[in-house]
Amino acid sequence: MKFNVGYQLTEDDRLIDKIIACRDSIYEVYFSFGDFPNGRNNQLRSEIFTPYEAQEKQLADLCRLSENGLKFNLLFNGNCYGKDSLSRAFFNKIGDATDFLDRKIGISSVTVTSPVIAKFFKANFEDIEVRASVNMEIGTVEGMEYIADVFDSYYMKREYNRDFARIKQLKAWCDANGKKLFGLCNSGCLNNCSVHNFHDNLVAHENDISVMDNAYDFKGKCWEYLSKDDNAKYIIRNTNFIRPEDIHLYEGYFEALKLATRINVAPVKVINAYMSGKFFGGINELLEPNHSTVIAPDFLDNGKFPEDFAKTVGSCNKDCQNCSYCVDVYNKILTNINGGYIYADKQND
């Protein structure tokens with residue numbers, strides 16, 4: 001299996017070194033650039049670097065990756081662009097940035113949420129593949145058909161990671177229509193989150209929001225929900241992550257699987273786990289967002305999952321409200337950090 005790995009601005013070069021070392025297994029490196037709104041934080045806002053230093057470091061890192069044969073996926077996947085959404089000046093800015101980066105490092109594809117930005121790329125950058133973001137939540141053939149004129153590939157809606165029948169259906173349509181299918185394997189987001197779009201909109205406007213006198217601090221509904229009552233027991237049932245040990249089951253369905261590593265506190269650990277197909281520790285450590293603190297001092301021991309977990313949840317009838325399987329797994333693998341044993345393996349550092 002090939003993986004798409006997210007670039008993260010870091011003070012040292014461990015992540016860049018790891019990507020280069022694993023380049024034969026990496027399909028693309030995806031990244032946001034400059035101050036463009038995207039699906040995660042602004043790379044130029046750093047506690048370590050000034051904005052100018054951050055831009056310089058990012059370009060140096062990307063150039064080094066390019067020199068070592070890596071391909072790149074440029075992100076214009078903000079959920080909202082406000083007044084700029086249809087602005088001629090905004091599209092000129094997108095075009096200028098893409099021209100610059102294509103000359104500098106080479107851009108093989110872009111991931112976007114806006115169908116208008118997709119149309120812009122199809123009209124002006126015929127050699128660059130246009131991919132639909134996972135934040136577009138496309139999980140049906142109809143959803144892919146509607147925008148097939150401006151998209152070459154699709155990230156599948158994350159909620160269908162555990163539905164092999166749906167994956168096969170989407171893959172068959174893509175094969176028949178000359179499209180590519182991608183997936184995201186280590187999301188920690190809650191399935192069918194009622195406020196996911198609202199949260200993505202906040203992220204897209206984080207620069208403006210950060211300078212306001214804000215009445216509330218919104219960190220995401222998932223944290224509040226999982227911390228309340230006994231809801232933590234639903235964390236397996238209500239998420240969609242794929243364990244490193246189960247990646248082989250997805251071979252042949254996806255062009256590549258995306259590793260969310262842009263804000264994970266230990267991106268090298270994530271890469272090591274999925275490249276090796278095994279992980280020793282709490283599964284939440286690999287996810288983005290990471291909800292480990294919700295169940296601390298307990299952790300979900302990845303080594304205790306049933307061997308047939310992925311096959312079971314990938315072919316069940318999805319009647320979650322009347323089924324206890326995932327809660328039973330949760331209770332089985334829940335381990336106390338004091339009374340249990342946290343596995344140590346340098347490959348996952």
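This is a predicted model: local features need pLDDT of at least 70, side-chain atom pairs count only at pLDDT 80 or more; totals for chains, interfaces and linings use all residues.
Begin at helix α13, which supplies three residues, the largest share, to the lining of the second largest pocket.

Then display the residues that lie nearest the pocket's centre, namely Asn-191, Arg-237, Cys-316, Lys-318 and Cys-320, which belong to a lining of 24 residues. The volume of the second largest pocket is about 520 Å³, and if you colour its lining by class you will find eight nonpolar, nine polar and seven charged residues.

**The cavities**

For the largest cavity, with a volume of about 170 Å³, select Arg-40, Val-134, Arg-158, Leu-184 and Lys-258, which lie nearest its centre among the 17 residues that line it. Coloured by class, the lining of the largest cavity shows five nonpolar, six polar and six charged residues.

The second largest cavity holds about 50 Å³ of space. To outline it, select Asn-161, Arg-162, Phe-241, Ile-242, Arg-243, Asp-246, Tyr-250, Phe-309, Ala-310, Val-313 and Gly-314, a lining that divides into six nonpolar, two polar and three charged residues.

**Helices α1 and α2**

Now select residues 14–21, which form α1, together with residues 51–67, which form α2; these helices pack at an angle of about 15°, with their axes 10 Å apart. Angles under 35 degrees count as roughly parallel, and α1 and α2 are therefore described as roughly parallel to each other. Their crossing is right-handed, and the contact is made by Ile-16, Asp-17, Ile-19 and Ile-20 on the α1 side and by Asp-61, Arg-64 and Leu-65 on the α2 side. Four of these contact residues are nonpolar and three are charged, while none is polar.

**Helices α3 and α4**

Finally, select α3 (residues 88–104) and α4 (residues 115–124), which pack at an angle of about 50° with their axes 11 Å apart. How are α3 and α4 oriented to each other? They are oblique, as follows from that angle, and their crossing is right-handed. Show the side chains of the contact, with Phe-90, Phe-91, Ile-94, Gly-95 and Thr-98 from α3 and Val-116, Ile-117, Phe-120 and Phe-121 from α4. The contact of α3 with α4 has seven nonpolar and two polar residues, and no charged ones.

Definitions and conventions: Residues are numbered from 1 along each chain as its sequence is written. Side-chain values use heavy atoms; hydrogens and water are left out. Axes are lines fitted to C-alpha atoms, for helices over the stretch in contact, and angles run from 0 to 180 degrees between N-to-C directions. Helices (H or I, at least four residues) and strands (E, at least two) are DSSP runs, numbered from the N terminus. Angles under 35 degrees count as roughly parallel, over 145 as roughly antiparallel, 65 to 115 as roughly perpendicular and the rest as oblique. A crossing is left-handed if the near helix is turned anticlockwise from the far one by less than a right angle, and right-handed if clockwise. Contact means heavy atoms within 4.5 Å. Ala, Val, Leu, Ile, Met, Phe, Trp, Tyr, Cys and Pro count as nonpolar, Asp, Glu, Lys and Arg as charged, and the others, Gly among them, as polar. On a 1 Å grid over the protein atoms alone, a cavity is a set of points where a 1.4 Å probe fits but cannot get out, and a pocket is an open set with protein on both sides within 12 Å along at least five of seven lines; lining residues have an atom within 4 Å of a point. Grid points are joined across faces, edges and corners, and a volume is the space filled by probe spheres set on the points.
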